[in-house]
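Subject: Structure handover and notes

Dear colleague,

I am passing the structure below on to you. Please look it over before reading the notes that come after it.

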Amino acid sequence: MGFISPISLGSPQLSFHSQVVIITLHCFRMHLIQVDSVQRWMEDLRYMTEVECMCILQSKPISVDEDIHSELIINPEHVVRDNLQTLLKRASIVSTELGKMFQKLEKSRWQRVHSTAVRANCHVRSLVNEYNTFARNSPAEIQKYEKSLLEKCMELTTITERCIHTEDEYFLKSMKEAVHEILTEVSESFSQMIDLALANEIQVLVRQIESSDNIYTIGTAISGLLTLTQDGVQLCSIIAKEGAVVALFKICRQDCFSCLYALALRTLASICCVEEGINQLEKVDGILCLADILTDESSTEAARAEAAAVVAQITSPHHTFTQHLSSFLENMEDIVTALIKLCQDASSGEVFLLASAALANITFFDSMACDILLQLNAVRILFEACRDRKRVDTPYSKDQVVTILANISVLEQASLEVLQEKGIDHLLLLLSEKPSSGSPAEVSACERVQQKAAVTLARLSRDTDVAHTAIQLNCIPRLIELCRSPAERNNSDSVLVACLAALRRLAAGCPDSIEDTDYQQLIKPRLVDSFLLCSNMEESFV
C-alpha cells in the first residue's frame, strides 16, 4: 500500500567484494553471539515492555461501565471498521519505525538502529497477532507474507545486535550493506502484507453492501468505506479494485435504498479521486446514474448535492485520466441543466458550493458547456446567488462562481449578459476580496478570486461598452492598487499578471483614462518589464 517511504542509502561503492558480505553473514548465522544472555535481556527489555504495554492499552480500553452484558452485543460492521482502523494505526507505527531505521543506518548509529529494530519487531509481531485475532481465516497468501516478515524482522534484530558489540570498521561496513538489503525486504514484505490484509477486510464490507437487504447494515458498511477513503489515495485505489464502486452504484439504482443515496454518493466521490475509481465508474455506466439522480425531482437535495460532488471529482482539471469519459459528453446537457438549477435552488452554502464546483470543472472539461450555460441564463443565476449570503458565503464559493464567469466570458454574447445583470459592479467587489481569517486555504482562495475576476474583466473588455462601464465604475484605480501594492494581492504573482493584463485591455480602448505615470510604468513597457517593476516594489512606494 505504500506505507513505507525508505530513505535510500544510495549505492555506496565498498572497497571489497560482495562475497565477503555473504561469507560474513553465513559465519555469523552459524555461531552464537558471545554476549551474556542476562545483559542482552536487560538491554532489550525496556523497548519490549514499552511496546507491549502500549499494545495492551490499545487492545483493552479502560471502562467504568460495569454492565458486562452490554459488551456482548457486537455489531459485525463496526467490528470490521474498527479492525481496519486498528490495522492502519499499527501499520503507521511500523512504517515510522522502519523509516527511522533507514535514517539511523545511513548515519551508522548502530545502537539506535538496533533499538529501533527491536521496537519494530515487537510492533510487527503485535500487528500480526492482532490481525490473526480478528481475521480468523486469513488467506494463505497473507500467511506466507506474515511468516517471511517475522523471520526477516528477527534476522534484522539479531544482526543489528551483533553490530553494537563490535568496533571492527571492516565488519560494520559489510553489515551496513547487508542490513540495508534486509531492511528493504522487510519494508516491501510489510507493504505487500498490509495491502493484502486491507483488501481482505474491505472485501468483507463490500460483501455486506452487496448481499444485505438491511438498510442499517448497508449504511454502516458504507460509512466504514467512507472512513477508510480519508486515509489516502492508495487506500482508495484498493477500495476501488475490490468492487466498491460497483456495489455503491447498485445501491444508487434501487429506490428502496434512496435514503442511502447521499452517503453512497459521498463515498463514491472520495473513491473517484483515483484513476481506478473513475475507470470502474465508467464501466458500470455511473454517469447515467448520476444524471438520473440529478434530474429526478423526487431526489432529495442532499442526494443531488452529493451527485454533484461526484461530478466535480471526475471532471477535475487536476486529473489527467478523465478525457476518455465519452458517456459524460452524451449526458452533459442534462447534467449541466440540473446543476445550474441546483445552484438556483440551493438551500445552503454547502449545496451551492458542490453544484458550482461541478459546473466550474465542466467548463474546463468541454467548451460546449459554456454555450449551454449561457442558454440557461447562468450569468443571471450566478450573480443573483452572489447577492444571497445564504448561498455564497465564503471565498471558496466565490472562486467557483468567478471561474465559471471567466470561462463563459470567452464567448462574445457573454458581454451583454454581464452588462444586463450589472456584473461589472460585482467583479469590482471580487477584486477587493479579502480573507476573514489567516488560514492559508482561505488566503489562497481569495487570491484565486482576485485573479479570475481580473481575467474575466480583461476578457469582457473586448466589448467597448463593457470597457467604458468598467472605467466609469473606477475599476482602473483598483487594478492599479493591486499592481502597485503587494499587500493588496497578498504578494501573489498570478494576481499581478491578471491585473496588468486587464489594465492593458482597458487602456487599449480608453488610453486617456490612465494617468501618464501609470501609463509609462504599467502599460507602455513590455508585460514582463511591468511585472518585474511591480513585483519588486516595497510597500512604502505606494
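Residues are numbered from 1 along each chain as its sequence is written, and side-chain values use heavy atoms, with hydrogens and water left out.

Confidence

The average pLDDT (the predictor's confidence in each residue, from 0 to 100) of the protein chain is 83. A score of at least 70 is reached by 83% of the residues. Over residues 1-35 the pLDDT stays under 50, and the model has 59 contacts beyond four places in sequence for that stretch; contact means heavy atoms within 4.5 Å. Residues 50-75 also have pLDDT below 50, with 17 contacts in the model beyond near neighbours in sequence. Where pLDDT is low, the predicted coordinates should not be read in detail.

Whole chain

The secondary structure amounts to 26 helices and 0 strands. Both are DSSP runs numbered from the N terminus, helices being H or I with at least four residues and strands E with at least two. Of the 542 residues in the protein chain, 51% are buried. Buried means under 20% relative accessible area, exposed means over 50%, and partly exposed is in between (1.4 Å probe, protein chains only). Among contacts with a separation of 6 or more, 76% are between residues 24 or more positions apart. The chain exposes about 26200 Å², and carbon and sulfur atoms supply 52% of that area. Areas are from the Shrake-Rupley method with a 1.4 Å probe; for residues, only the protein chains shown count as cover.

Helix 13 covers residues 301-314, which is 14 residues. At 1.5 Å a residue it should span 20 Å, and its end C-alpha atoms are 20 Å apart, so the two agree. The expected span is 1.5 Å times one less than the number of residues.

The buried residues of helix 10 are Y261, A264, L265, T267, L268, A269, S270 and I271. They pack against helix 7 (215-229), helix 8 (233-241) and helix 9 (244-252), and also against helix 11, helix 12 and helix 13.

Ring features

A search of the whole structure gives 1 aromatic pair. The ring centres of F328 and F365 are 5.2 Å apart and the planes are at 80°, so the pair is edge-to-face. F328 is in helix 14 and F365 in helix 15, 37 residues apart, and the pair links distant parts of the chain. Both F328 and F365 are buried. For this search, rings of Phe, Tyr and Trp (its six-membered ring) pair if their centres lie within 6.5 Å; planes under 30 degrees apart count as stacked, over 60 as edge-to-face and the rest as tilted.

Separately, K144 lies over the face of Y145, at 5.2 Å from the ring centre. A charge sits over a ring if NZ of Lys or CZ of Arg is within 6 Å of the ring centre and within 35 degrees of the ring normal.

Single residues

Two residues other than glycine have a positive phi and are listed here:

- N377 has phi near 60°. N377 is in the loop between helix 16 (368-375) and helix 17 (378-386), and counts as partly exposed at 34% relative accessibility.
- K422 has phi of about 55°. K422 is in the loop between helix 19 (414-420) and helix 20 (423-430), and counts as exposed at 59% relative accessibility.

T116 lies in helix 4 (residues 110-134) and is buried, with a relative accessible area of 3%.

L527 is in helix 26 (residues 527-535) and is partly exposed, at 35% relative accessibility. Leaving aside neighbours within four places, L527 is in contact with L500 and R504. The C-alpha atoms of L527 and R504 are separated by 9.1 Å, and the two residues are 23 residues apart along the chain.

Regards
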